[in-house]
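Thanks for asking me to look this over. Here are my notes as numbered points, to be read with the structure open beside you.

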Amino acid sequence: MWAQKTFKVLVDYGKTYLLRIINVDMQDILFFSIAKHQITIVGTDATYTKPLARDYIAISPGQTIDVLLEANQPPDHHYMAARVYSSAEGLEYNNTTTTAIVQYNGNYTRSSPPFLPFLPDYNDTNASVNFTGSLRSLANKDYPVDVPTNITTQLVFTVSVNTLPCSLNKTCEGPNGTRLSSSLNNISFVNPKIDVLEAYYYQINGVFRTRFPSFPPFVFNFTADYLSLLLELPNQGTQVKVLEYGSVVELVLQGTNLVAGTDHPIHLHGHRFYVVGWGFGNFDKDKDPLGYNLVDPPHLNTIAVSKKGWTTIRFKTENPGTSLVDALPSRTSLYVGNGHGVHSEKWPNSKGTITTATSGHASMLKPLSMLGEFLSN
């Protein structure tokens, strides 16, 4: 049960505090700020970053950001506040602001009400991407980076909001009575009755297929303002992409403007990745890689693909087990269907890995050599 009282952080003037901020919202990117205080970002997703002083942060679902708060203001009560960033046009969103209080210790007459912080507008895309785009790995001799450069596997996934027909005798609140879905490369995942990893381990046929495409099956102006309604209907299936163990992967995540163009938080289970590039519009394979940051890119497990934009990540497939990429459209309150993700597992007596997709949460399973005992319990 949620506490009914306002949460307070007690601080002493002159001291510096480390705050770990976690976005536990299921689908919303949030802006967060503390009144009259700058905060200094020093880590993201449990990895050190170059210190970055900002008045606010933008944090994706499931993401963690470590900040330093210096208690350097005259003693008083100051609100810390968070609210939704929603870039999807025409969709309802929660426009409330959640608050807590930074309370200085000591005897003083406090302001009433407490000071409120500055927060960007709810649809300020530039505020969101400029914050994320400013993050850099620490990249020093004690905490070096190891950015993959010898790419062995090149992938491009479109990330879309889609529509599916409403089920018989059901009422759906999507456009024209449809229900909303999501997809990668125009494939919306169908949950099998048997877990994919279990089916693989016990060699059960017919549970999944290995036909997930490496590149978009349909190429169009992904970020155009007006797109054909025919593009909104995705294929459905339990499709898998096969990767070799030890592959060096570059994955371009291309947002589309289908249905309700929006930001897409992406999370990679069991792996971390370097965010080497991002931009607006359609990814240009000849020009955009020239601007990649291969010196000190942030090392994350969660990133938001911006509305009408793209993000490039690089990682190595070095963690046998189940590793899912969650792709969820931000701020689609009517979301019903399934997105896609990556699921890696080591094949017996080989160096192969399997990748598949899903939305929502995923379990982190043990290496394959231990799965027999795990699955029998």
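**Notes on a serine, a sheet and a cavity**

1. Let me begin with S134. Beyond residues up to four places away in sequence, S134 touches L52 and R54. Please keep in mind throughout that this is a predicted model.

2. How are the side chains of S134 and R54 joined? A polar contact of 3.3 Å links the two. As for L52, it sits 82 residues from S134 along the chain, yet the C-alpha atoms of S134 and L52 are separated by 7.9 Å.

3. You will find S134 in the loop that runs between α1 and β10 (153–164). Is S134 buried or partly exposed? Its relative accessibility is 24%, so S134 counts as partly exposed; the cut-off for buried is under 20%.

4. S128 lies in helix α1, and S128 counts as buried because its relative accessibility is 4%, with buried meaning under 20%. Setting aside neighbours within four places in sequence, S128 is in contact with I29, F31, A58 and Y85.

5. Next, the sheet. Five strands make up an open sheet with mixed pairing, and their order is β1-β9-β8-β3-β6. At the edges are β1 (8–11) and β6 (56–59), each of which pairs on one side only. On average, neighbouring strands of this sheet are turned by 20 degrees against each other, direction ignored.

6. Which strand does β3 pair with over six bridges? Strand β3 (residues 29–34) pairs with strand β8 (residues 77–85), and the sense is antiparallel. If you want a place to look, S33 stands opposite A81 in β8. Helix α1 (residues 125–133) packs on the sheet, where it touches β3, β6 and β8. The direction of α1 makes about 90 degrees with that of β6.

7. A search of the whole structure finds one cavity of 30 Å³ or more. The largest cavity has a volume of about 40 Å³.

8. Which residues line the largest cavity? They are A58, S60, Q63, I65, F131, T132, L135, I303 and A304. Both α1 and β19 (302–305) supply at least two residues each to this lining.

Terms used. Residues numbered from 1 in each chain as written. Predicted model: local features only at pLDDT ≥ 70, side-chain atom pairs only at ≥ 80, totals over all residues. Heavy atoms only, no water. Pairing = 2+ DSSP bridges. Helix = DSSP H or I, 4+ residues; strand = E, 2+ residues; numbered from the N terminus. Axes fitted to C-alpha atoms, helices over the stretch in contact; angles between N-to-C directions. Contact = heavy atoms within 4.5 Å. Buried < 20%, exposed > 50% of the residue type's maximum accessible area, 1.4 Å probe, protein only. Polar contact = N/O pair within 3.5 Å; in protein donor to acceptor, adjacent residues only side chain to side chain. 1 Å grid on protein atoms, 1.4 Å probe; cavity = no way out; pocket = protein on both sides within 12 Å on 5 of 7 lines; lining within 4 Å. Points joined across faces, edges and corners; volume = space filled by probe spheres on them.
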